[in-house]
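Please open the structure in a viewer and keep the selection tool at hand.

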Amino acid sequence: MSAPTADRKATGVFSPSRAQIPQRTLRTDRWWQSPLIVNLGFAAFVIYATVRAFLQNNYYVAEYHYLTPFYSPCFVRWNEATQSGCIPEASHFGQFLPDVWWLPYAAVSLPFLLLFRLTCYYYRGAYYRSVWQAPTACSVAEPHATYSGETKFPLIVQNTHRYFFYIAVLISLVNTYDAIIAFQSPSGFGFGLGNVILVGNVLLLWTYTVSCHSCRHVVGGRLKHFSKHPVRYWMWSQISRLNTRHKTYAWITLGTLMLTDFYIMLVASGTISDLRFIG
């Protein structure tokens, strides 16, 4: 990351009016450590989520109605002949997608959730620095000769974040429904470790979603006089407090999504049994 850049065009920090320093940076600390950790974290989640989305098995525990968030809502039609597609009991909102190997069972929701996170203000700052190195760190020259910001394709798509926020709210409602109906067992009401994990994941997903900058703007961003809208001002204040920890919630929810899916996969495959407290 710190290779000489003498062949760079005379722009930015390499323009004639700036000090002529051939090195990319004079920093001697481990400035590369933070972007490296971010890259590893992103890679771990993307690899895990991609593999699980295309495995198309062990996503539902029929006995306790546990459905992993990576397969919700499940819209792929069940094929009785091949025993593939969404299990009917796991499809709470119907089935209308074809059963083909290259189509994830939650193909309707996953792209929007991905775009919601990709256009998230925190994630943008994170992968701009770690992946695109624009810039990688303070006092470290970026490797790009030109900079257009978010005014051209594809980065202009970042401005659609607020619309993906609305869709993310709908999907969070679906996840909430999944968590509620999971309080069942063959004998009626049931409560187990899987419920704790599902509910915890949903609560954290809601926290991440409502702490979003777009949510903060929707609630109070256009108000000119807070004194005339005390309820919205109070809501805006609470969301603003959550917003200060948006980065933390962004990373925690990546972990809880994987944990929830992994636990349900283990129970569904028979590798472990769900720890039951009631029912």
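Begin with helix 3 and select Tyr122, Tyr123, Arg124, Ala126, Tyr127, Tyr128 and Ser130, which are buried. The model in view is a predicted one. Helix 3 is mostly covered, since seven of its 10 residues are buried. To see what lies over these buried residues, display the surrounding helices: the cover includes helix 1 (33–55), helix 2, helix 4, helix 5 (193–210) and helix 8 (246–268).

Next, move to the loop between helix 2 and helix 3 and select Thr119. Is Thr119 buried or exposed? Thr119 has a relative accessibility of 3% and therefore counts as buried, because the limit for a buried residue is under 20%. Now show the residues around Thr119. Apart from neighbours within four places in sequence, Thr119 is in contact with Arg124, Val157, Gln158, His161 and Phe164.

Two packed helices are described by the angle between their axes and the distance between the axes. Helix 2 and helix 4 pack at an angle of about 130 degrees, and their axes are 9 Å apart. Helix 2 is therefore oblique to helix 4. The crossing in which helix 2 passes helix 4 is left-handed. To display the contact, select Phe112, Leu113, Leu115 and Phe116 on helix 2, together with His161, Phe164, Phe165, Ile167, Ala168 and Ile171 on helix 4. Colouring by residue type shows the make-up of this contact: nine residues are nonpolar, one is polar and none is charged.

Continue along helix 4, which covers residues 161–181, and select Ile180. Ile180 has a relative accessibility of 55% and so counts as exposed. From Ile180, turn to His65. How far apart are Ile180 and His65 in sequence and in space? The two residues are separated by 115 residues in sequence, while their C-alpha atoms are 9.6 Å apart.

Remain at His65, which belongs to the loop between strand 1 (60–61) and strand 2. With a relative accessibility of 23%, His65 counts as partly exposed. Most residues other than glycine have a negative phi, and most peptide bonds are trans.

A second residue of this kind is Gln83, to be selected in the loop between strand 2 and helix 2. Gln83 is also not a glycine, and its phi is positive, at about 55 degrees. Gln83 is partly exposed, with a relative accessible area of 48%.

Select Pro73, which lies in the loop between strand 2 (66–67) and helix 2 (110–118). The peptide bond that leads from Ser72 to Pro73 is cis, with omega near -10 degrees. Then select Pro154, in the loop between helix 3 (121–130) and helix 4. Phe153 and Pro154 are likewise joined by a cis peptide bond, for which omega is about 10 degrees.

Notes:
Residues numbered from 1 in each chain as written. Predicted model: local features only at pLDDT ≥ 70, side-chain atom pairs only at ≥ 80, totals over all residues. Heavy atoms only, no water. Helix = DSSP H or I, 4+ residues; strand = E, 2+ residues; numbered from the N terminus. Buried < 20%, exposed > 50% of the residue type's maximum accessible area, 1.4 Å probe, protein only. Axes fitted to C-alpha atoms, helices over the stretch in contact; angles between N-to-C directions. Parallel < 35°, antiparallel > 145°, perpendicular 65-115°, else oblique. Left-handed = near helix turned anticlockwise from the far one by under 90°. Contact = heavy atoms within 4.5 Å. Nonpolar A, V, L, I, M, F, W, Y, C, P; charged D, E, K, R; others polar.
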